Structure formats: C-alpha cells, structure tokens
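Please look over this model with me. My notes follow as numbered points.

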Amino acid sequence: SSSSSSSSSSTVTIAPGSAGAAFLGAQTASAAKKVVASSAAAAAGLVSPIARNMTAAQSTALGVWLAGCSAWVYSMVVLGGVTRLTRSGLSMTEWRFLGEKYPRTLEDWEREFDKYRASPEFQKVNRSMNLDEFQFIYFMEYAHRMWGRVLGVVFLVPAAAFAARGALSANGVVGPRLALLGSMGAAQGFVGWWMVRSGLKHENFGEHDVPRVSPYRLAAHLTSAFAIYTGLLWSSLGLLQPAIATNAATDAMKVIRGRVTPVAALIAVTAVSGAFVAGNDAGRAFNTFPLMEGRIVPEHYFEALSPWWRNAFEHTATVQFDHRVLAVSTLTAVSALWAITAGPLASPAIAAALSPSATFRMHALLALAWGQVGLGVSTLLHAVPVELGSAHQAGALALMSVAVAV
C-alpha cells in the first residue's frame, strides 16, 4: 500500500507484509470498529439526544461552552446570596434592562443616595447610614446585576456563532433547549427587578415591619436560577460525556437514574424551601438544634396565619421547621441511595454497571449531603453570618450538581 503527503511532492511506499503495513492495517481496523460502535450506539439510542448527529469537535466545543456558562450561573447564585446577606439588594431603586450608569462623581452618588433615602429600608432600618456605607451596598447590587448582563453576552455571542456554523440544527434537541435556556436567562433580569420592587413599596410594610423583598418572589428568582443552572449543566454533560457502550450497562444505569431522579427532586424542593427561609429571614430565629425553643415541633405550627397554607411560606417558625425536616429527609434519602447503589447494599449488577467516575460521584453526593447539613446547622447556630450563609447556598447548588452528574 502507499500513502501521499499533501505537504510534499515525494511518495512513501510501504511494502506489503512489512511492520508498517501491519501497523496501518491495525489502525484502520481499530478506527473502523470505533465508527461502527459509534453508529450502533446512536442507532440504539445510547447517545445523549442533545449530542446526536454531531461531530466530536462540535459536541466538545458546545459542551465546554455550556459548562463555562453553568459555572458563571453558579457564581451568580453565590454573588446573589452575598448581596442578600449584606442587605445590599434594595440599594438600587431603579432598573434598566441594558444596565444602569455607575455613579462617578460625588454629585452622582448623592443623587443615588437621595433615591435610597426615600425607600422603606432606609427610613425603617438604615437612617444612620452614611454615604460610604451606601456606596458599599450599592456596589454589591450593581456588581450582581452587571455580572448577569455580562453572562448574557457570554451566552448569546457564542450561541450565534454555533448557530451560524449549523451546530444548533444538528438535531431537534440542542437548538430548542438552548433557546429556552436563553429566554429564561433574559427573563431572569425581569424576575429579579419584580422581586426587588416588592421591597421598595411603602404600602407593603406596616409600622413595625422590617422591609424585605417578598419571599414568594425571592423563591421564584432563586428557583429560576437553579433551573437555568441545572439545564446548562445537564446539557453540557450530555455533550461531553461519552455514550454508554453496552445495553447491559444502559439497563443498569436506567435503574440507577430512576433512583437518583426522586432524590434530586427532593434536593431541589429543599433548596426552594431554603429560599423561603431566606425571604422571611427565618434563619436568625430559633438558633438552636435539634430543638426549637425546647420543642421538636414549634409552637403555633401551621396555626399562626390564616388561611393555614400561608404558614408554610410566611411564618418564621413553620418555614424553618419545614426546612429542617426537608434537609434531614434529603440526607436520609441520599444516604439510602448511596447504600443501595455504591455502598454495602448494592446488587452485583448495579455495582458492575457503575464506572469508577460514577462511583466517585456517588461517594461525593453522600459527602456533600452530610457536609451541607452540617453547614446548615452551623449557619443556624451562628445566626447566619455572611460567610456561612453564602457557603450554605453554594453547597445546595453543589449538591444538586453532583445529583445531576450521576
């Protein structure tokens, strides 16, 4: 056989039966087997739907880009938590979709401070605040908003480039999914301002109320962020992870994922309940564990507000107790999942189907669940300092990330 080099006019001839010919034959056979296996996997439905009909270069490039976007959203959630815990979220009393001009002069700062002085938070809580203190909380909120706008550019510009090259039309999944995630991201700015506005209206607060945003709107904002993050991470993993090679492994993984899905849903519900704890500032009350003022079930549980369902979302003791129960339930569910999947109670078929990386993820899920509960208890006992509160919010997203990766 012979091979021609496109960069040279010379021709190299490999004699039949030589070691070179044997090597080339083995390489060709190996490549052919990989192509056949890949085609068979796709035909059997073993390739992630979002990656079908894509070249390896396309799926890798898309996967890396979406992984970067998901990491950016993760940082957005953490920064949002710090903004809330430093009580900076109500410092900016106006919102524009394309961005606000950052104050540059003393006159600019005085103008913004005057707007804040008219807000319920300043008049009820921060009447002694000076301009230097205001500049800090204003910067925190401004940074959170602008970090989100830059993310929009990081998402839209590469998306347009991939679309122009045909990567987003490779199948019927990737284009519509990214369009949905992009639309959710754009809407998140409106949701955030809708949330902030609830804390800027004087009529929303009584004489003795502490101004804060609506817990319902805060939960909507955080849940939307979690959904966007999960969608981006799930999509990136579908593009970057290789297809499962055998039907036996596929059947076992279906069983495993069938077990993981309800646990992931429980993790999500627990995180949403945490948003209501944050929205009601409930973490600064009942700072003991496991009892609440000497009781397992707090006094007036589901009895303080009418109609009764409002207690689950607006009553401090009820909201915190529900979050405690959900957190312990999540820890129990994750521990049980680990035991029957990667622990001592796992069946031989399930144990054989788990790759080393999947086994590591199961161990990580268990470790993160225990760490998150420990961090939550520590945050409660210390009355939610900024460092622990933001770490606890980041931990919830990390736990969800591993559940999605499994």
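**Notes on the predicted model**

1. The chain has an accessible surface of about 20,900 Å², and 65% of that belongs to carbon and sulfur atoms. Areas come from the Shrake-Rupley method with a 1.4 Å probe; for residues, only the protein chains shown count as cover. This is a predicted model: local features need pLDDT of at least 70, side-chain atom pairs count only at pLDDT 80 or more, and totals for chains, interfaces and linings use all residues. Residues are numbered from 1 along each chain as its sequence is written, and side-chain values use heavy atoms, with hydrogens and water left out.

2. The chain holds 13 helices and 2 strands. These are DSSP runs, numbered from the N terminus (helices: H or I, at least four residues; strands: E, at least two). Of its 406 residues, 40% count as buried. Buried means under 20% relative accessible area, exposed over 50%, partly exposed in between (1.4 Å probe, protein chains only). Among contacts (heavy atoms within 4.5 Å) with a separation of 6 or more, 75% join residues 24 or more positions apart.

3. Helix H7 (residues 215-240) packs with helix H13 (residues 386-405) at about 35°, axes 10 Å apart. Axes are lines fitted to C-alpha atoms, for helices over the stretch in contact; angles run from 0 to 180 degrees between N-to-C directions. H7 contributes Leu 222, Phe 226, Tyr 229, Thr 230, Leu 233, Trp 234 and Leu 237 to the contact. From H13 come residues including Gln 393, Leu 397, Met 400 and Val 404. By class, the contact has 11 nonpolar, 3 polar and no charged residues. Ala, Val, Leu, Ile, Met, Phe, Trp, Tyr, Cys and Pro count as nonpolar, Asp, Glu, Lys and Arg as charged, the others, Gly among them, as polar.

4. Glu 112 sits in helix H3 (residues 106-117). Glu 112 is buried, at 16% relative accessible area. Leaving out residues up to four places away in sequence, Glu 112 touches Pro 103, Phe 134 and Tyr 138.

5. Trp 147 lies in helix H5 (residues 131-164). Is Trp 147 buried or partly exposed? Trp 147 counts as partly exposed, because its relative accessibility is 34%. Ser 75 is 72 residues away along the chain, yet the two C-alpha atoms are separated by 9.0 Å. Beyond four places in sequence, Trp 147 contacts Trp 72, Ser 75, Met 76 and Leu 79.

6. Asn 126 is in the loop between helix H4 (120-124) and H5. Asn 126 counts as buried, at 17% relative accessibility.
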